[in-house]
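I opened my notebook today to look up a few spots in a protein model, one entry at a time. Come along and check each spot as I go.

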Amino acid sequence: MKRIINFRPTLYIASLICLSLLFVYSAVIYSLVTAIFSACLIVAINLAFFFFYKGKTQEQKHIRKPVYFILALLLSIITSVSFVCIVKGYNNANVNNTYYTVTGKISEISPKEESTVCILSNVTLTGNAKVNTDYKLRLFITGDNDLDIGNVLKFTAVVTDRSATYEGAFSSSYVSEGIKYFSTVLAEEIAVISNSPTLFDKTNLFIRDTLKAGLDKEQFAIAYGLLCGNADFMEAETLTDFRNAGVAHVFAVSGLHIGFLVVILRFLLDKLRVNKLLSFFITFSILFFYSGVCGFTSSSIRALIMASVLLGSKLLGEKYDGLSSICLSAIIILLINPVQLFCVGFQLSFMVVIFINLLSRNVSKLFKFLPIKIANLLGVAISAQIASIPICAYAFKQVSLISVLSNVIFVPLVSVIYTLLLCSTLIGGIFSIAPIALFVSNYVLLAVRFVITAIDYSVFILALEAMGVLSALYYLVFVILSDKVNLSKTLKFILSLSLSVIFACGIVVSEHVYKIQPKLAVIGGSNFCATIVSKNDVSVMVVSDAKVGFNTARLDRALKKLKIEKLSAVFVIDGSNDLDANYLTADLLSVVNVEKVYLYNECNENLFAVLEKSFKYTDFYSITDKNEINFNEIFVKIINGFGTRLEVGEKIYETYSKYGKGYVRENNIDERKVDLIVATDYVEEVILGRNYVDVLSFNYSRTYNNAENNGNYYICG
């Protein structure tokens, strides 16, 4: 009897490692649903293994089965303990957000208009005590400068921390890359004390400077991103166009780039008739060096390991099994850095490669009326799209509908451009003839940029919401339909259809539940503090504090998190009246539509005339403590001009501005227990005598959660 699934030890071991890490991760983000889900899957996989794995021989059944189980258990424990230690070490490395004299070497640099963002490694912090740390520091520099990779900097500034969880989510990319500290400094306050670029740094600079010398500015940015995976020199609009077209993945050095390089190297080494063993070590060494030139990014290391496993299996003469090799690569990467599992790049890389292996052959058969190469390309592109949808929905809230077509056309073209760029850059740099060597590449890249930027690909963007645990059902449907599951076509159809119906019902129910439950977001920052409450498409925001020209990034992030496209009302409760309503409204409207704005105790008719003329689609009102306003299920009452009470069904929230100190004690509102009190400053004095469940502060509190340090704060339900 044919097995339903051919057993692969690496798949079993990799699955248990991933699920064990998911279980431990759920403890970090306090997700009971995730913990239960992962625990159930761990039990299910082990039961399936013990009951259904028979082995081809008695020796496999009685000896290999316990060996596989013990090995899977051991590696799961190792990676889980490693994950806990990494997270604990990251959280324990706080420096208490104070002034330090910082020294560190620039390992990455991203120049912007009138500012620069750097990543510093080999960081030393000198304050009350000297701290040598293995963690990196992200430095924001304002002002013109000529800093570059390899410069060792020294400056004095406030150094802030990032915790492992930020805005209720796990900061996987920062923890994985070891970026713990953040600071901002003026360019003139920085001293360059030495310059010590590594060989990797020098090679990166060689490539960058050669491309700069031989290409126009716009083409240079694309070429540098394509060769070294650094898209920071690209204009934001251009990079957005590439993303909307679904081809921005070419700017992250990954399996695509490593694959191109492997093909080039194997072609040259085969022509030179180099010994297979020597060819393997030469190829591995060059790939390793290339990964170093790209900064040993997570994506390049993943691609290096996956390529090495593939080349190693061919060298040993083993029959290559794509799924086993992918799982072995995942095991190695997670043993090195288990945090990688929760990085979007890791998830996309492996899920895409796995589903290409599972589905591309069957999908290609659907296009057998086309030339074989085009059919195969479509099979790969569609399989990759299927794999990426749940991950893109979770990470980016959208997916490009045109990415299949654009990748079928663009990826083969990129292979030619990549090879041309690599060869012409080496020739142009070595012989100092960059403008000549890169002449053709400049116009090829110009044509590519024109095609990408000339069309508005945003019309092909589909907004999607995260599927949560329902993603497992989604993937299971396509696994059943793959050629790796040995079931009859009829049974495959019945199973996949049944799971699809359950999946669709789950999406509808979860969307309905999310819509009807009250949601709250607290935006806490140095220049803008506000609270948003939303229920059943009605959203109200209370602005507690704001400065002219405030940064809208956190507000924009909160609105997207709560799926808010329009605010029913905005209440400005800063009782000092030092906010400029004109500037405030303009900033708000730059990120969201606002129907009504209520200004506390503001009766200036000239101001209202100016506001209504400036903002034709927004109504303005004056409000006092006597006003009580009801927006369907959201009830708003002003407290002494320095606070508000927001009632959403059975939930009660109170917010206070920085001038609430000494005033809120005088209010005569009822004394029902408040679910959450949000205070800009002076929390301990604001809550005096209050009857509350929880408290959140923006600043100046060591007793309560600090919304500013932990980003935006969210409550759903």
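Predicted model: local features only at pLDDT ≥ 70, side-chain atom pairs only at ≥ 80, totals over all residues.

**Entry 1**

I began with S441, which I found in helix α16, spanning residues 439-454. Is S441 buried or exposed? Its relative accessible area is 1%, so S441 is buried, the cut-off for that being under 20%. Next I asked which residues S441 touches, leaving out those up to four places away in sequence. I noted L215, L420, L421 and S424.

Then I turned to S76, which is in helix α3, residues 58-91. S76 has 6% relative accessibility and counts as buried. With residues up to four places away in sequence left out, S76 touches L16, I17 and S20.

**Entry 2: salt bridges**

How many salt bridges does the structure hold? I wrote down twelve. A reminder to myself: side chains of opposite charge can pair when their charged atoms come close. I looked up three of these pairs.

My opening pair was R208 and D148, whose side chains meet in a salt bridge at 2.5 Å, N to O. This pair links distant parts of the chain, as R208 and D148 are 60 residues apart. I found R208 in helix α5 (residues 199-214), while D148 is in the loop between β4 (136-142) and β5 (151-161). R208 counts as buried, with 7% relative accessibility.

My next pair was D556 and K560, where the N to O distance of the salt bridge is 3.3 Å. Where do D556 and K560 sit relative to one another? They are four residues apart in helix α19 (residues 553-561), so about one helical turn separates them. D556 is partly exposed, at a relative accessible area of 24%, and K560 is exposed, at 57%.

The last pair I looked up was K566 and E595, with their closest N and O atoms 3.0 Å apart. K566 counts as partly exposed at 40% relative accessibility, and E595 counts as partly exposed at 31%.

**Entry 3: positive phi angles**

I looked at backbone angles next.

What is phi of S432? It is near 55 degrees, a positive value in a residue other than glycine. I located S432 in the loop between α14 (403-430) and α15 (434-437). S432 counts as exposed, at 64% relative accessibility.

N632 gave me another such note: its phi is near 55 degrees, again positive in a residue other than glycine. N632 has its place in the loop between β18 (628-631) and β19 (634-639). Its relative accessible area is 62%, so N632 is exposed, the cut-off being over 50%.

**Entry 4: patches on the surface**

I finished with the surface. Which residues form the nonpolar patch? I listed L426, I427, I430, F431, I433 and I436, which together have about 610 Å² of accessible area. The largest share of this nonpolar patch, three residues, comes from α14. I picked out I430, which is in helix α14. I430 is exposed, with a relative accessible area of 58%.

There is a negative surface patch as well, formed by E113, E114, D144, D216, E218, E235 and E237. I picked E218 from this list and found it in helix α6, residues 217-228. Is E218 buried, partly exposed or exposed? Its relative accessibility is 31%, so E218 counts as partly exposed.

Terms used:
Residues numbered from 1 in each chain as written. Heavy atoms only, no water. Helix = DSSP H or I, 4+ residues; strand = E, 2+ residues; numbered from the N terminus. Buried < 20%, exposed > 50% of the residue type's maximum accessible area, 1.4 Å probe, protein only. Contact = heavy atoms within 4.5 Å. Patch = residues over 30% accessible without salt bridge, like charges linked within 9 Å, V, L, I, M, F, W, Y side chains within 5 Å. Areas by Shrake-Rupley, 256 points an atom, 1.4 Å probe, with all protein chains shown as cover. Salt bridge = Lys/Arg side-chain N within 4 Å of Asp/Glu carboxyl O. Lys, Arg positive; Asp, Glu negative; His and termini not counted. Charge placed at Lys NZ, Arg CZ, Asp CG, Glu CD.
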